Amino acid sequence: MNFMPKILRGVVSYVFKKPVTKQYPLERVEPAPVFRGKMSFNPDLCVGCGMCARDCPTGAITMEFYPHVKRKMPKFYYGLCIFCHQCVESCAWNAIKPTTQFELATYDKKQLIERVSEQEVKPVKPRRPEKKLFYR
Amino acid sequence: MAITILPFGPQHPALAEPEHFRFKVDGEVIVDVEVKIGYLHRGMEKLMSTKTYVQNIYMSERICGICNVAHTTCYVQTVESLAGLEVPKRAQFLRVVVNELARIHSHLLIIGLAAHEVGFETMFMWIWRDRELVMRLMEELTGNRLMSAYNTIGGVRRDVDEKVISALKKACTTLRESFLQIRKVFLEDPLIRTRFVNVGLLKSRDAIARSAVGPVARGSGIKTDVRADDPYQAYKDIPINVVTYKECDSWARMMVRVDEIFECLRLIEEALENLPSGEVRIPVSRKMPEGEAIGRVEAPRGELLYHIISKGGEKPYRIKIRTPTFSNLYPIVATFIGETIADIPVILISIDPCFCCTDRMEFVDVNSGKVWYMSTSEIKRKYWR
């Protein structure tokens with residue numbers, strides 16, 4: 001019972017405080033800047049080496065062949081993705097970049113598949129950037 | 001009075017995880033217990049031998065969500081000793097920081113649940129409010145609240161900056177203050193003491209004979225902790241004080257966890273104070289040499305052991321995992337005998353059960369109601385490769 005004064009003080013102080021819950025869709029809560037969210041893919045930088053698909057632990061990335069440029073491109077299926085960002089790490093060409101986007105809920109499973117369209121893929125040879133790779 | 005069988009689980013309001021217990025009760029008093037494990041068997045060990053070493057980091061993380069950092073630390077440590085790699089000092093210190101943060105969050109979770117189980121809802125809310133602070137720190141440090149994906153073979157994946165370090169240090173001070181209050185409640189509150197003290201007695205002798213690990217063994221007065229006995233990572237540089245209680249009951253097991261949180265906070269502060277500069281990661285090969293390796297770490301629930309057999313190449317040949325709850329289940333079964341039905345949740349919660357860890361290794365031979373047994377060599381011949 002000797003905790004009663006302390007508990008009561010806490011109760012009274014919470015009466016005058018704002019509620020901790022946020023009205024989410026109206027009031028946005030941003031995750032930490034280092035949060036691992038959805039990946040963004042840049043087809044201009046991709047050479048189609050397939051290291052992202054090879055290192056993906058869940059098989060969320062599959063390689064798809066584009067005949068007009070004669071190169072493969074990754075297809076992301078976010079229904080399987082566990083957001084470990086191993087593909088971001090494995091990409092030697094900086095084609096896959098991390099974002100903090102987390103709102104991926106959808107009614108249609110097909111919307112979770114992200115592939116680049118034929119028009120977006122241009123026959124350019126990307127230049128290899130300076131990036132240190134940790135798995136050889 | 002006739003002996004009745006009381007089935008408990010796999011779905012039960014007092015037990016969050018699916019496990020089946022058959023309590024033989026004489027009125028209110030338990031006379032015998034049968035445990036049937038295997039409801040959460042997911043075949044993870046077999047699946048791990050079909051994936052590469054890089055993919056298995058994320059696989060081992062998903063064996064148990066709550067102690068995911070301990071699982072990855074143990075996995076990468078075993079692979080590193082298999083390959084003979086030396087991890088940079090800064091990475092070792094950061095691993096300690098993340099491990100201790102995860103330990104705080106795991107202990108806070110189970111202490112809160114213990115309060116919830118005895119009907120002390122206010123305490124549950126207080127503790128989980130503090131746990132939220134730890135989860136936010138985890139997100140700032142590793143990139144996710146729970147699934148950290150922080151350890152990798154050859155180091156850690158992210159470096160810390162000054163902002164995160166100062167946030168961690170500030171949070172340590174805040175947590176210590178609010179935890180002194182919670183410790184006082186656990187020491188003195190009549191509700192907690194009535195439900196926990198002298199319930200589920202596990203004598204030191206029994207705990208050793210039945211191979212208890214972690215806080216269960218420490219609550220019975222046995223000074224055992226992998227961090228002190230066989231120091232790994234930066235625990236070699238930061239010595240730890242092993243918390244033990246001699247009461248041997250459920251209350252002692254909970255108090256070990258309460259006191260360990262202060263120890264964790266001290267370790268985080270010391271690791272951040274002495275954080276060496278330099279690289280956090282070294283490049284490693286995707287292929288591992290042939291050989292065998294064993295690694296063990298102190299997970300929040302006790303000793304965790306990985307055994308990896310490699311026959312060269314990108315994939316391991318076999319990974320064997322022994323989790324703490326599997327070791328702690330056998331000692332705790334004996335403590336039920338002589339207690340009443342109302343004490344079941346309290347005793348179960350006092351070992352901090354994590355059955356999704358445990359059930360990974362079960363081999364079920366039940367088909368059309370018939371039970372038969374197979375030897376290891378038979379299993380190997382039939383199912384192995």
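Q: How many salt bridges does the count give between domain 1 of chain B and domain 2 of chain B?
A: A salt bridge here is a side-chain nitrogen of Lys or Arg within 4 Å of a carboxyl oxygen of Asp or Glu. Between domain 1 of chain B and domain 2 of chain B, the count is two salt bridges. In one salt bridge, the side chains of Arg301(B) and Asp352(B) come together at 3.2 Å, N to O. Before going on: this is a predicted model, where local features need pLDDT of at least 70, side-chain atom pairs count only at pLDDT 80 or more, and totals for chains, interfaces and linings use all residues. Residues are numbered from 1 along each chain as its sequence is written, chains are lettered from A and ligands numbered from 1 in the order in which they are written, and side-chain values use heavy atoms, with hydrogens and water left out.

Q: Where do the two domains of chain B sit in the numbering?
A: The bounds come from an automatic or database domain assignment. In chain B, domain 1 is 3-40 + 335-383 and domain 2 is 44-322. Their centres, taken over C-alpha atoms, are 26 Å apart.

Q: How do I read the contact between them, and how many residues does each domain of chain B bring?
A: Take contact as heavy atoms within 4.5 Å. Then 18 residues of domain 1 of chain B touch 27 residues of domain 2 of chain B. The buried area (accessible area, 1.4 Å probe, that two parts lose on being put together, summed over both) is about 1900 Å² between these domains, and carbon and sulfur atoms give 60% of that.

Q: And which helices show up on the domain 1 side in chain B?
A: Start with polar contacts (a pair of N or O atoms within 3.5 Å; within protein, one must be able to donate a hydrogen and the other to accept it, and residues adjacent in sequence count only if both atoms are side-chain atoms). On the side of domain 1 of chain B that touches domain 2 of chain B, helix H13 (344-350) and helix H14 (355-358) of chain B each supply at least two residues. H13(B) has the largest share of that side, with five residues. Helices (H or I, at least four residues) and strands (E, at least two) are DSSP runs, numbered from the N terminus.

Q: What does the interface between chain A and chain B bury?
A: About 2700 Å² is buried between chain A and chain B, with 46% given by carbon and sulfur atoms. Chain A puts 26 residues into the contact and chain B puts in 33. Four salt bridges are found across this interface. Glu89(A) makes a salt bridge with Arg281(B), with the closest N and O atoms 2.7 Å apart. There are also 18 residue pairs in polar contact between chain A and chain B, both at pLDDT 80 or more.

Q: How about strands: which ones pair up in the sheet of chain A?
A: Strands of a sheet pair through backbone hydrogen bonds, either parallel or antiparallel. Two strands count as paired if DSSP finds at least two bridges between them. In chain A, three strands form an open antiparallel sheet in the order E2-E3-E5. Strand E2 (61-66) and strand E5 (113-114) of chain A are at the edges with a single partner strand each, so one side of each has no neighbour in the sheet. Six bridges link E2(A) to strand E3 (residues 71-77) of chain A, and Thr62(A) has Lys75(A) as its bridge partner in E3(A).
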